[in-house]
Amino acid sequence: MPEKTIHFQDGQELTADLPHNTLDPRYSECTDHRLACMCREAHMAEDRHEFIAERELAKRAFNDVLKDHNTFPADGLECRCTGCEIARRVGQVFRSYVDVVYERRDRRLSGGGA
Ligand SMILES: [Zn+2]
Ligand SMILES: [Zn+2]
């Protein structure tokens with residue numbers, strides 16, 4: 001496992017192989033609860049991984065459902081369906097203009113027209 005360095009505000013550094021989730025035995029063994037203790041690091045890593053996974057799931061759902069929709073008005077009329085409306089409202093988080101550009105490019109490459 002790659003080591004990670006934690007930088008404390010007072011300039012101290014701690015380089016360690018930190019736990020990735022609360023299944024790590026160091027999570028339940030941690031007793032000296034302090035900043036960057038093993039149980040906090042385990043919780044934080046777990047939360048971060050869950051957040052990233054949920055975000056990816058949501059992003060994939062947006063892009064699968066809205067594939068080939070003119071969500072962003074690059075070439076004229078924007079789609080007014082509920083999905084595209086929501087995608088535009090959450091900004092570039094789950095379905096970005098770049099995603100749409102790639103879809104258009106892929107469609108062109110596969111001969112599906114402009
Ligand atoms: Zn702890
Ligand atoms: Zn739409």
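## Ground rules

Two strands pair if DSSP finds at least two bridges between them. Helices (H or I, at least four residues) and strands (E, at least two) are DSSP runs, numbered from the N terminus. This is a predicted model: local features need pLDDT of at least 70, side-chain atom pairs count only at pLDDT 80 or more, and totals for chains, interfaces and linings use all residues. Residues are numbered from 1 along each chain as its sequence is written, while chains are lettered from A and ligands numbered from 1 in the order in which they are written.

## The chain as a whole

Let's start with the overall picture. The protein chain holds four helices and two strands, in the order β-β-α-α-α-α from the N terminus on. Its C-alpha atoms fill a box of roughly 60 × 30 × 30 Å along the principal axes.

The radius of gyration (taken over C-alpha atoms) is 22 Å for the protein chain, whereas a compact globule of 114 residues would be near 13 Å, by the rule of 2.2 Å times the number of residues to the power 0.38. Of the 114 residues, 11% are buried; that term asks for 20 or more other C-beta atoms within 10 Å of the residue's own, with C-beta atoms placed from the backbone. As for contacts (C-beta atoms, placed from the backbone, within 7 Å), residues 24 or more positions apart account for 30% of those with a separation of 6 or more.

## The hairpin

Now to the strands. β1 (residues 4-7) and β2 (residues 13-16) run antiparallel and are joined by four bridges. Lys-4 has Ala-16 in β2 as its bridge partner.

The two strands, β1 and β2, form a hairpin with five residues between them. In the turn, Gly-11 has a positive phi of about 95°.

## Leu-66 and its surroundings

Leu-66 sits in the loop between α2 (38-65) and α3 (82-89). Leu-66 counts as buried because 21 other C-beta atoms lie within 10 Å. Leaving aside residues up to four places away in sequence, Leu-66 touches Thr-71, Gly-83, Cys-84, Ala-87 and Arg-95.

Ser-28 is another matter: Leu-66 and Ser-28 are 38 residues apart in sequence and 44 Å apart in space, C-alpha to C-alpha.

## Helix α4

One of the 13 residues of α4 is buried, so the helix lies largely in the open. Gly-111, with a positive phi near 80°, follows α4.

Conventions: Buried ≥ 20, exposed ≤ 12 C-beta atoms within 10 Å, placed from the backbone. Contact = placed C-beta atoms within 7 Å.
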